[in-house]
Amino acid sequence: MSGAAPTKRILKTTVAAAAAGAVVLAPLSPLAQEAARSRDPLSIGIGQNAEFTRVEFGGVIGVRSRVSRQGDKVVVRLGTTAAPDVSRLKVDPPAGVKSVETRAARAGGTDLIITLEEGADARSGVADGAVWLNLYAPGKAPQGGDAAKPTTTDAVVPVKAESSADKTVLTFQWSTPVGAAVFRRGDAVWIVFDTAARMDMTGAKQLGPAKDARWAAGPGYTAMRISAPDGMGVAAQGQGGTWTVTLGGTGRADDGAATLVARMAGATKAIWLTDPLVGDRFAAVTALAPGKGYGGGRRTVDLTLIPTAQGMAVETGADDLRIEAAGDLVTLSRPRGLTLSAPSAGLETGDHAADAPKRAAYPAMIDEAWAATGEAGFSDRYRRLQDAAGLETIAAADDPRAPIEARMALARFLVGSGLNYEAIGVLNALIAKAPNLQGEPEVRGLRGVARVGVGRLEEAQVDFAGAALANDPATKVWQGYIASEQGDWEGARRSFAAGASVIDDFPPAWRARFGAAHALAAIETGDLAAAQQLLAYSFSQKAPATDQLTARLVQARLFDLQGDKNRALAVYKAVARAPLDGIATPAKLGAIGLEMDKGALSPDQAAQQLEQLKWRWRGDGTELAVIRKLADIYLKQGRYREALDALRGAGKRLSGIPGATEIQADQSNAFRALFLEGAADGLQPVQALALFYDFRELTPIGADGDEMVRRLSRRLIDVDLLDQAAELLQHQVDERLDGVAKAQVATNLATVYLMDRQPEKALQAIWGSRTTLLPAAMNSERRALEARALMDLGRFDHALEVLDRDQSNPAREVRADIFWKQQKWAEAAPIYEARLGDRYKTAGTALTPGEESWLIRAGVGYSLAGDRAGLQRLSGRYGPFVAGARSAAAIRVALDDNLSGVAGTGDFANLSSQADTFVGWVNSAKQAFRKEADAKAAT
């Protein structure tokens, strides 16, 4: 392929936004590195993951801590008389811990006492210069091992290292003979002894080609994990209590037999361990010197024997595997017996036909040769591979003894032929019978590829995220493709860049798809030049028509962004004629948008076409794009209900599809524009209320949502829809607010209830929202409302007690109304007059209805009280207002002092009915609500 090198360079060099680097996460990282530990004599660190909480005691004093178990109590003896800072444990106890306390120990020092809940458990040990304690919630403790037994040994084992450029020799000097197991597991070498001790690493600071040695002591064992490059040899020799482990060089160990009962002279015990980086359990079988191990490794359906330099190491996916080490024999068994299968040294050595599909260069690579069928055709090749795999049907795994490689060959053929569902079935069946294959790179890679082929992108991501595929460039390509499909454009470009070196090794159809997906990511990140080159690469491949049309869609988008609208429209219209709805629908959508921009389509015509288009292709991002465009048109036309209906319908059905978050954002933004930014002000209040109730689930949480409700309630109050306004405010008080905000809304709610003549509910609103530290003005307003409600219920004395000495205008108004209802005319009249203030000085302006009511009641009160001086003063001041008053006749009668001593209470009944202060109060309350709305709008 003459163009391979240039096109490959394009993929490598035109990814402007790609970035290198990776982050590796461990299930539970060490709480602190030795160099970063606190310099204090005692430091207590706390870490947590989903399984347990770890407490580490570090420092010179902390490392001498002793852990013991006394029933449901774990006692940590700290070698210090100073009270340690355990406030974090006391205030926020870990899961499974009932209580935490400290007490002085009799022999000096301090005891930290941790009381466990019933069923909770604990483990303890020593690692990296600290004593650790793992606390497990009920039911969370791992099976096996001794519970919360302390590692109290004082034994210290010196470790010395002699290093060169390519080799490191570690010497462990035990005081007595101990058993050991030495083996490689992944990118680390494990050294496990059958006795607990502290490792003195002073003489092993430099490890040559190895690095990062960590050790931990548990109940009856000590384990060390050393990160070592892949391919570095491992050898072990023992003599009495001295063990020598060589990393690098040409270490060799004797080969053992892969049988259910293994012969290993001097086997001492089986120790179950958990890898802190991988998170799985495995077993190490230690043995006395001289050195012996398994050099090649073996695999059965139930277990895998890891190649070791000393001892034995066993991986298994079974929870009930038992390992017994006694004398010269190591017995491996399960309660119902092991599933016997021929031992295999790896996937490469399985028995399969010579022409079966071979492993690709990379675990997640598709080899173009896999789909070859030969002269006999597809059916014959399919049958032969299926027979070799021992499968009667694709989805079954009837023969667990079938060669592993034969099944892998069948899976390769299925993936290469595009039969991805069938490939997933074969691989799942293989893993079900041999769980240890879950970590095999090609198994994970092939299943991830097959899952991408059937659109199960999230499941494929899980496969590709495995540690076994961390360094596979083909996996990076698939991760880039998935990221592009999910709209993670930056992530797509980074992953495509990381896998650019192998893209040309894929079949042409996938090269075209990767090129188009990468080009789209480049467009979305603003790198149009790279997108153009990537599209040229995609078009250069001999891909099926479907993939070529997909690339043309991306090209039309590129033309649009480059300003070549006519060319973009031409491409969209050409692709829209394809008899493939999945491609024609997005092309038609693009054409509608461009024709609207050019004025060739009116909004109504575009909406009509989009309504038809949204039924043409459903269930993915294309439908979301159609609905978003349609909703945008409806919103601009003021057709709010249609817009929200369209968005809500898509949001419910397509919540898991990339782009669904934008739909949710569109709904929220539309609802916010309606009820927070004033777009719904043009609707009738009843229409606005109906729209709000139909879509009330879109009300945002927090201050914005509360303000929406208040705005709508104020509109309802204006048109006397008091029941509906009260319902909105009551929901805010009951469900959404606390503290001062709740008191403020409850004050408004009480006002609405009083306006609706429901004093009982007004009192409930006030009493149910009492709190301290309210502003003085709000307290005054609430007192006046409470007194008014009590007055309406006829509880006059109680109302006056609530007002107490409050001389604010609302309080004085209520106090006057109470005196009026009690027929205490002499007390009521002066208050009404005082409410008028200096209003008599502005005779040029007419009195408001409320002021006229106060004037009439003041005059009638003075007359009924026989206060001629007060009546004459009132008449002299407000006589000039009579001519322009709305209730001129009533005011004229109320100010006429000739009635004094002649008219009685009954004579003023009709006159007083014209001076209803309640109506004036309602009007002033509405005006206050309007002022509040205007103030909010201004800010």
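Which residue in S17 is the bridge partner of Gly-238? I looked it up and found Trp-243.

**Entry 1: what I am looking at.** The model is predicted; local features need pLDDT of at least 70, side-chain atom pairs count only at pLDDT 80 or more, and totals for chains, interfaces and linings use all residues. Residues are numbered from 1 along each chain as its sequence is written, and side-chain values use heavy atoms, with hydrogens and water left out.

**Entry 2: the whole chain.** I noted 33 helices and 24 strands in the protein chain. Both are DSSP runs numbered from the N terminus: helices are H or I with at least four residues, strands are E with at least two. The chain has 939 residues, and 48% of them count as buried, meaning under 20% relative accessible area with a 1.4 Å probe, protein chains only. I then looked at contacts (heavy atoms within 4.5 Å). Among those between residues at least 6 apart in sequence, 61% join residues at least 24 apart.

**Entry 3: the sheet around S17.** I traced an open sheet of five strands in the order S13-S9-S10-S17-S16, with mixed pairing. Two strands pair if DSSP finds at least two bridges between them. S13 (198-203) and S16 (234-239) are the edge strands, each pairing on one side only. From one strand to the next, the twist averages 20°. S16 and S17 (residues 242-248) run antiparallel and are joined by six bridges.

**Entry 4: a hairpin.** I moved to S1 (residues 43-48) and S2 (residues 53-58), which are antiparallel and joined by six bridges. They form a hairpin, with four residues between the two strands. For Ile-46, I found the bridge partner Val-55 in S2.

**Entry 5: two packed helices.** Two packed helices are described by the angle between their axes and the distance between the axes. For H7 (residues 441-453) and H8 (residues 457-464), I noted an angle of about 165° and axes 8 Å apart. That angle makes H7 roughly antiparallel to H8, a label used for angles over 145 degrees. The axes are lines fitted to C-alpha atoms over the stretch in contact, and angles run from 0 to 180 degrees between N-to-C directions. On the H7 side of the contact I listed residues including Arg-444, Arg-447 and Arg-451. On the H8 side, Glu-459, Asp-463 and Phe-464 are among them. The contact residues divide into six nonpolar, two polar and five charged. Here Asp, Glu, Lys and Arg count as charged, Ala, Val, Leu, Ile, Met, Phe, Trp, Tyr, Cys and Pro as nonpolar, and the others, Gly among them, as polar.

Note on methods:
Parallel < 35°, antiparallel > 145°, perpendicular 65-115°, else oblique. Buried < 20%, exposed > 50% of the residue type's maximum accessible area, 1.4 Å probe, protein only.
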